[in-house]
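Here is a short note for your review. Please read it with the model open.

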Amino acid sequence: MSSKLPPFRPLALLHVLLLLLSPPTPTSQLGLAAAFGVWSNGASPSSSYSSVKSQGVGVGGGGQEYAALQAVKAAVVEDPRGALASWQGPNVCAYKGVYCSAPPDDAAAEGVSAVVAGIDLNHANLKGTLPAAVSLLAHLTFLHLNSNRLSGAVPDSLRDLQYLTELDLSNNLFSGSFPEATLLIPSLVYLDLRFNGFSGQLPAEAFAKNLDALFLNNNQFEGQIPETLWSSPATVITLANNRLTGPVPTAYGYGTGGRVREVLFLNNKLTGCVPEALGFLPSIEVLDLSYNSLSGHLPNTLSCLNGIEVLNIAHNQFTGELSDLVCDLKRITNLSVSFNFFSGISQHCDRLAGRSVFDFVGNCIPGRGLQRPQPECDGAPGDAGLSCLRIPGTRPVACGDAAVSVGFGVGVTVGGGLPFGAGGVVTVTVP
């Protein structure tokens, strides 16, 4: 990784939503201390790379890594910016976009002086495919190919890259089903598949993988979101701008959940209501459910999201009165409930009405400007007080009363009542 590429940091401000949903820029998202100490003596990629070049060192495994890189070059049919013009000759450490490093111990023991540890061809506008031979780069720790015109399927051979920690294939023309081989890469912690043509259902295993960041937005994924979503150890998950249907998953945990800080569901085809369990996500800072077909009343448990800064539920079919419990969120910087069917806002919400952090236009609130026409409000979707998880006859869960524990196969129980949530992971006990 080049020192010019900043370490990944969890993002929590509204403008970040635009960043996540815009075509990617060249980044190396994670400050890696790679699996085998990628950059010798803790040096940055640029300094280590320069050292290798100045010493005129050839790459270990020589023929294999040279053959692999030539196969990558041969799979490119258009290179309008000459990004691969330097990819000639056996000293692959001199290739532009190729980063070399001191080898791991096993390779060093065989007399290998340097290995190819990374490839960064972001924004090269290359047209072609990604060949299976890329897996011959056995010591690769990052592969950055965003903003090109690479198409076809992602090769299954990627599973053989045991040291790979970052894979960025975003903003290309890749297609086919979710590339499940990427989930078999043992060291992978960052996976970016944004802005491609992937389709089909999301595998449950995508959220069981030990990732720090998972970007799947702007594809053509469809079907329901797996219940394992909330088990993911990732801090950022983006599912926006797909064709996902069904409800927002209600179960979460599976033993490792609770780290997610940002999750984007916007612009899908989700239905049903907001599950109460969302109120017990301990670290959530950004939650965007906008541009779906969600309905019903908002659960009181949303008031437990003490760390949330951005909450966007605009362009859905929510009804009822917007509660103080939502407007009292301590760290909220942007609350958008616009273009729903809310019929009123409570006192505290009313005090927010003049602030830029609160957007409630396009609802059915009497006496307020920029609301829906009355005929639209008269035809508001019925909800009968719809609540996803509330057990009839039980009182709302108060944040201070709720004890949330995480464990595999445990249901959610309120006040000693019946469990709910298939394969659940949260236990909520109310005295």
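This is a predicted model: local features need pLDDT of at least 70, side-chain atom pairs count only at pLDDT 80 or more; totals for chains, interfaces and linings use all residues.

1. Residues are numbered from 1 along each chain as its sequence is written, and side-chain values use heavy atoms, with hydrogens and water left out.

2. Eleven strands form an open sheet with mixed pairing, in the order E1-E4-E6-E8-E10-E12-E14-E16-E18-E20-E22. Strands are DSSP runs (E, at least two residues), as are helices (H or I, at least four), numbered from the N terminus. Pairing requires at least two DSSP bridges between two strands. E1 (76-78) and E22 (341-345) are the edge strands; each has a single partner strand, so one side of each lacks a neighbour in the sheet. From one strand to the next, the twist averages 20°.

3. E8 (residues 173-177) and E10 (residues 197-200) run parallel, joined by three bridges. Here Gly176 sits opposite Phe198 of E10.

4. E18 (residues 293-296) pairs in the parallel sense with E16 (residues 269-272) over two bridges. Thr271 is opposite Ser293 in E18. E18 also runs parallel to E20 (residues 317-322), again with two bridges. Gly296 has Phe318 in E20 as its bridge partner.

5. Check Asn241. Its phi is positive, about 60°, although it is not a glycine. Asn241 lies in the loop between E13 (236-238) and E14 (243-246).

6. Check Leu370 too. This non-glycine residue has a positive phi near 55°. Its loop runs between E23 (358-359) and helix H7 (374-378). Is Leu370 buried or exposed? Leu370 counts as exposed because its relative accessibility is 70%; exposed means over 50% relative accessible area, buried under 20%, partly exposed in between (1.4 Å probe, protein chains only).

Terms used. Axes are lines fitted to C-alpha atoms, for helices over the stretch in contact, and angles run from 0 to 180 degrees between N-to-C directions.
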